[in-house]
Amino acid sequence: MNVYSTMSRQKEPLKVENNKIKLFVCGPTVYDYSHIGHARTYISFDVIVRYLKHEGYSVFYLQNITDIDDKIINRAKERGEDPLELAHKFEAEYIKDMETLNVKNVNFYARATEHMQEIIDQIQDLIDKGYAYDTPTGVYFDVSKFESFGKLSNRNLDDLQNTRIEVDTSKKDPKDFALWKKQDEGPYWDSPWGNGRPGWHIEDTAITESYFGPQYDIHGGGLDLIFPHHDAEIAQMEAASGKEPLVQYWMHTGFLNVRGEKMSKSLGNFITIKELLKDYEPDVYRFFVLSTHYRSPIDFSDDILKQAENSLKRIQNTAKLVVAQQENDNLPQDDECSIIDDLESFRSEFFDAMNNDFNTPIALSSLFDFTHKLNKVIADNQVSAESLALIVDTLKEVESIFGFTIIVEDDASESSDELLNILTDVRSQLRADKNWDLADKIRDDLAALDINLEDK
């Protein structure tokens, strides 16, 4: 299996110890409802984890929750709420959204506020080793002390001028970033440097060191986090531990645009997951996401979502035909077509694509080709029961990897209700026509099934 690493800018063979993978993906800052860009990233990594598990890897998937941040504090002030209560409310909504989208492979969500001691310990370690310094406003990382700062993004220190670095005259250099922000207005925590709260970058490395140690296998997130966030993480952890690399493989999802433009509230094209799911089923959005490679940019529009919806329905309809054909008593003993050869070719193409940096659009394309061939032979009763069983097993296998429904189960209760309504209407007509014997027979037969009708 080959995986593209942002650090090397090339695909590399996946090599891990004892088939065990430690994976960390940057989680959300929970000050608002999660949006479809979040969903794109977390669906992509959910499928990556599903496939790694399918291939026999044991994966521990860790995600942080930034539940203290300027954005949270400012939003809480606007709404007159407690910042931590607001954060935990939106965290709960985020997890609900993920469950609805069938993103269920995260082993643990680690809140920043529940790892404050680990954060303080790591900051103290950086101070002790000369990589950080204390000022009247906070504790800062001295980027001049870490010579390879920016090695993930391939940028130099001058580029820091254009990032979210606060102007603070107490810093040695404007490019130094905050590890601890001193403040006496809540929420704040006690520390050796006074009351305050952590900077943006330090929570991630404190959390990952706590669960994984100073080095681990895969770090994921959106492309927008590479600089300065992930560059800062590298500097913090490698400076504190003296070990490199922080991670073996860096994986990043591409940008999501809405109708060709960057999603933003000012443009009126900001779409939350909850708003999306008012119009589309979760499976449709998963299908849409997987139709583009996780590293590529993806463009959202209603037209494209409709196409995804129709494409998924075509696959599901073919699967229904296959399942229905299994009930046929007149199946041939042996295949009268080359469908098993087609199945083997599909499996080969599918897994080759997934082993090539999780290339879901190619894998989906091979599924389309196979279902197209299936449609041609199923109706003509050319496939044996044994082959149908193998095909169903494969479709279920793909379903478990992609996380959307391929084999749609009939709603038996709904079908039964519809049938009962039909029988009731027929019986009413029989009574109106004074066909009492047949009307009574329907009533008695239903009573034998514990379905009692009362005549009015």
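**Histidine 230**

I began with histidine 230, which is buried at a relative accessible area of 0%. (Buried means under 20% relative accessible area, exposed over 50% and partly exposed in between, with a 1.4 Å probe and protein chains only.) I am working in a predicted model, where local features need pLDDT of at least 70, side-chain atom pairs count only at pLDDT 80 or more, and totals for chains, interfaces and linings use all residues. Residues are numbered from 1 along each chain as its sequence is written, and side-chain values use heavy atoms, with hydrogens and water left out.

I found histidine 230 in helix H6. (Helices are DSSP runs of H or I with at least four residues, strands are runs of E with at least two, and both are numbered from the N terminus.) What does histidine 230 contact, leaving aside its neighbours within four places in sequence? I noted Cys26, Leu152, His219, Gly220, Gly221, Leu225, Trp250 and His252. Contact here means heavy atoms within 4.5 Å.

**Cis peptide bonds and positive phi**

The peptide bond from phenylalanine 227 to proline 228 is cis, with omega near 5°. I logged another cis bond from glycine 186 to proline 187, with omega near 0°. Proline 187 sits in the loop between strand E8 (177–182) and strand E9 (196–198).

I made a note of these because most peptide bonds are trans, and most residues other than glycine have a negative phi. For the phi part, I looked up two residues.

- Asparagine 19 has a positive phi, near 60°. I placed asparagine 19 in the loop between strand E2 (10–13) and strand E3 (20–25), and its relative accessible area of 38% makes it partly exposed.
- Phenylalanine 358 has a positive phi, near 55°. I placed phenylalanine 358 in the loop between H10 and helix H11 (360–378). Is phenylalanine 358 buried or exposed? Phenylalanine 358 is buried, at 3% relative accessible area.

**Methionine 116**

I then went to methionine 116, in helix H4 (residues 116–128). Methionine 116 is buried, with a relative accessible area of 7%. Not counting residues up to four places away in sequence, methionine 116 touches Trp180, Trp189 and Pro198. I also checked methionine 116 against arginine 197: they are 81 residues apart in sequence and 8.5 Å apart in space, C-alpha to C-alpha.

**Helix H1 and its partners**

I looked at H1 with helix H8 (residues 282–290), whose axes come within 10 Å and cross at roughly 80°. (Axes are lines fitted to C-alpha atoms, for helices over the stretch in contact, and angles run from 0 to 180 degrees between N-to-C directions.) That makes H1 roughly perpendicular to H8. (Angles under 35 degrees count as roughly parallel, over 145 as roughly antiparallel, 65 to 115 as roughly perpendicular and the rest as oblique.) On the H1 side I listed Ile36, Ala39, Arg40, Ile43, Ser44, Asp46, Val47 and Arg50, and on the H8 side Tyr285, Arg286, Val289 and Leu290. By class, this contact has 7 nonpolar, 1 polar and 4 charged residues. (Ala, Val, Leu, Ile, Met, Phe, Trp, Tyr, Cys and Pro count as nonpolar, Asp, Glu, Lys and Arg as charged, and the others, Gly among them, as polar.)

H1 (residues 36–54) also packs with helix H10 (residues 339–355), at an angle of about 115° and with the axes 11 Å apart. Val47, Tyr51 and His54 of H1 meet Phe351, Met354 and Asn355 of H10. I sorted these residues into 4 nonpolar, 2 polar and no charged.

**H9 and H12**

How far apart are the axes of helix H9 (residues 302–325) and helix H12 (residues 385–402)? I have them at 10 Å, with a packing angle of about 140°. That makes H9 oblique to H12. In H9, Ala319, Val322, Val323 and Gln325 meet Leu388, Ile391, Val392 and Leu395 in H12. The residues of this contact divide into 7 nonpolar, 1 polar and no charged.

**The whole chain**

To finish, I stepped back to the chain, which has 14 helices and 14 strands. Its C-alpha trace spans about 95 × 55 × 40 Å along the principal axes. Buried residues make up 50% of the 456 residues. Of the contacts with a separation of 6 or more, 76% come from residues 24 or more positions apart.
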